[in-house]
Amino acid sequence: MLIRRLSLTKFLTTFLHYQNHHVHLLTTTTLTHPQLSNCIASFPVNSTHLLQVCTILYQQQNSPESRLYSRLSSCGFNLTHEFFLQVCNNFPLSWRPVYLFFQYTQKARPPLTHNSITFNKMVDIIGKSRNIDLFWEVLQEMGQCHLVNDKTFKIALKTLAEVRELKKMVNFFHVMNDYGCEYSLDRLNKVAEILCQSKLVLEAKHLVLKLKEWVKPNEVTYGWLIKGFCDVGDLIEASKVWNLMVDEGFEPGFDVVDKMIETFLKINKYDEAMKIFQTLRVKRTDDLGLSTYRIVINWMCKRGKISQAYVVFAEMLKRGIEADNLTLSSIIFGLLARGRVNETFKVFKGIEKPDINLYHGLIRGFLRLRRAREATQVFREMINKGCEPTMHTYIMLLQGHLGKRGRKGTDPLVNFDTIFVGGLVKAGKSLEATKYVERVMNRGAEVPRFDYNRFLHYYSNEEGVVMFKEVGKKLREVGLFDLADIFERYGEKMATRERRRNRAIEA
């Protein structure tokens, strides 16, 4: 028992040291509302008292109430809202210690008068621990105290949706209305947004339709539902909501239209996407903007439909919509992927201020043609022009040189995924991993499936800086200058967080 208590104390001491430097700043700097100014503690939280209280709550959470309260009272801590919030932060998924401390704060002398922030914090923890009965009870207590706000609605509805308590979701609006928190379309839209972004769109639709008699949805509400169904890939339900929205006299916003077109294209339903696009061309020509054109042009270029992309692009320019670099990047990629190199560079040279999107279009195009050397030359040129590569740039180039889904070599051990991700890197044997890279390159074996993103992430440290430099030298010795430039540049500018930060400042 003594060993257990000592280890617990050591853990809490370490954790609270972090909390003192980070959580305190978070909880105090967000309390800016004038009515909540009393939440900000006059003095910083005493970390020793916080450690004592958290230790008692953990060890005595199943003890009788009188014993727990006696132990807490003997600590002599300064009970403030900030102190309560930090206790909650130390038990993010455990409702019992937090709720016991909440009950204690109401009986302490003097008691702590809770507000929306402290209640919301506790309710969130109870919800995450899935104690739905207590969760519902505390929500009603908040309603009685008139402390429910928009954040409470988001926490409550998201938690209830995750456990499929559909009746309680609807009933929550009714109960809060009885407590003076009246039905609000704006609040319903905020709830629909958080549910749809959390892939709980079926629950969001149920809530919206069941509340329709009391809160009439508008185009914003339906828009979130449509985008939510698109995100989960259910275009049948998205189309039903779309039709319901139109029948009620609402016009879909272009963010919704773009989402529908983009989703149809992703699942290769080109005809359906173009029907929507054609409808916009006929009925909402004046409203049709760059974002919709960009989606259609980008998809056409990826599919090699460069002639059709040019027609849409010309129509966009004719309507006075100026192309941005993202759209031009798609055109460049489409042309280059079809082998029209001269035409590609003619377009590229006509752009006044090329950015990384355009360079990425060139790199992707050359890699599609399996011309990794030219792609690397573009990489060098963008650096010379002062355009700093990103992680995505390096991943594309490595995939182009080393292969994305290449065959295994003659040696069955040539499998970078096993060597790096499953073996040497996890074991911390970076030197052995580096030697293996050199050996594979010298034999000219083609690298099979490999997670380059994870590889670069694992070597983003000071050891990686040395490794990339050494590998670059070895690659030059065997004549692989393009790969050497890529690895060395990554080591110079991207291998550590400090180097990436300095790179951003220099840019």
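These are legends for a set of close-up views of one predicted protein model.

Before the close-ups, some housekeeping: this is a predicted model, where local features need pLDDT of at least 70 and side-chain atom pairs count only at pLDDT 80 or more, while totals for chains, interfaces and linings use all residues. Residues are numbered from 1 along each chain as its sequence is written, and side-chain values use heavy atoms, with hydrogens and water left out.

**View 1. The whole protein, before zooming in.**
The secondary structure comes to 28 helices and zero strands. Both kinds of element are DSSP runs numbered from the N terminus: helices are H or I with at least four residues, strands are E with at least two. Of the 507 residues, 48% are buried; buried here means under 20% relative accessible area, exposed means over 50%, and partly exposed is in between (1.4 Å probe, protein chains only). Take the contacts with a separation of 6 or more, and 68% of them come from residues 24 or more positions apart. Contact means heavy atoms within 4.5 Å.

**View 2. Helices α2 and α3 side by side.**
Two packed helices are described by the angle between their axes and the distance between the axes. Here α2 (residues 47-59) and α3 (residues 65-73) pack at about 170 degrees, with their axes 10 Å apart. The axes are lines fitted to C-alpha atoms, for helices over the stretch in contact, and angles run from 0 to 180 degrees between N-to-C directions. That makes α2 roughly antiparallel to α3. For the angle words, under 35 degrees is roughly parallel, over 145 roughly antiparallel, 65 to 115 roughly perpendicular, and the rest oblique. Val53, Ile56 and Leu57 of α2 meet Leu68, Arg71 and Leu72 of α3. Sorted by type, the residues of this α2 and α3 contact are five nonpolar, no polar and one charged. In that sorting, Ala, Val, Leu, Ile, Met, Phe, Trp, Tyr, Cys and Pro are nonpolar, Asp, Glu, Lys and Arg are charged, and the others, Gly among them, are polar.

**View 3. A cis bond at proline 110.**
Most residues other than glycine have a negative phi, and most peptide bonds are trans. The bond from arginine 109 to proline 110 is cis, with omega near -5 degrees. Look for proline 110 in the loop between α5 (95-107) and α6 (116-128).

**View 4. Threonine 152 and its helix, α8.**
Threonine 152 lies in α8 (residues 150-162) and is buried, with a relative accessible area of 0%. Its side chain makes a polar contact of 2.9 Å with the side chain of asparagine 149. A polar contact is a pair of N or O atoms within 3.5 Å; within protein, one must be able to donate a hydrogen and the other to accept it, and residues adjacent in sequence count only if both atoms are side-chain atoms. Leaving aside neighbours within four places in sequence, threonine 152 touches Asn120, Leu139, Met142 and Leu147.

**View 5. α8 crossing α10.**
The axes of α8 and α10 (residues 185-197) come within 9 Å and cross at roughly 45 degrees, so the two helices are oblique to each other. From α8, the contact uses Asp150, Phe153, Lys154, Leu157, Lys158 and Ala161, and from α10 it uses Arg187, Lys190, Val191, Ile194 and Leu195. That gives six nonpolar, no polar and five charged residues.

**View 6. α11 against α12.**
Helices α11 (residues 201-210) and α12 (residues 219-231) pack at about 155 degrees, with axes 9 Å apart, and are therefore roughly antiparallel. Val201, Leu202, Ala204, Lys205 and Val208 of α11 face Thr221, Leu225, Gly228 and Phe229 of α12 in the contact. The tally for α11 with α12 is six nonpolar, two polar and one charged.

**View 7. Two loop residues with positive phi.**
Asparagine 268 has a positive phi of about 65 degrees although it is not a glycine, and is found in the loop between α14 (254-266) and α15 (270-283). Arginine 370 also has a positive phi, near 60 degrees. Arginine 370 sits in the loop between α20 (356-368) and α21 (372-384) and is exposed, with a relative accessible area of 78%.

**View 8. Glutamate 488 in α27.**
Glutamate 488 is found in α27 (residues 481-493). A polar contact of 3.0 Å joins its side chain to that of arginine 476. Neighbours within four places in sequence aside, glutamate 488 is in contact with Phe468, Lys469, Gly472, Lys473 and Arg476.
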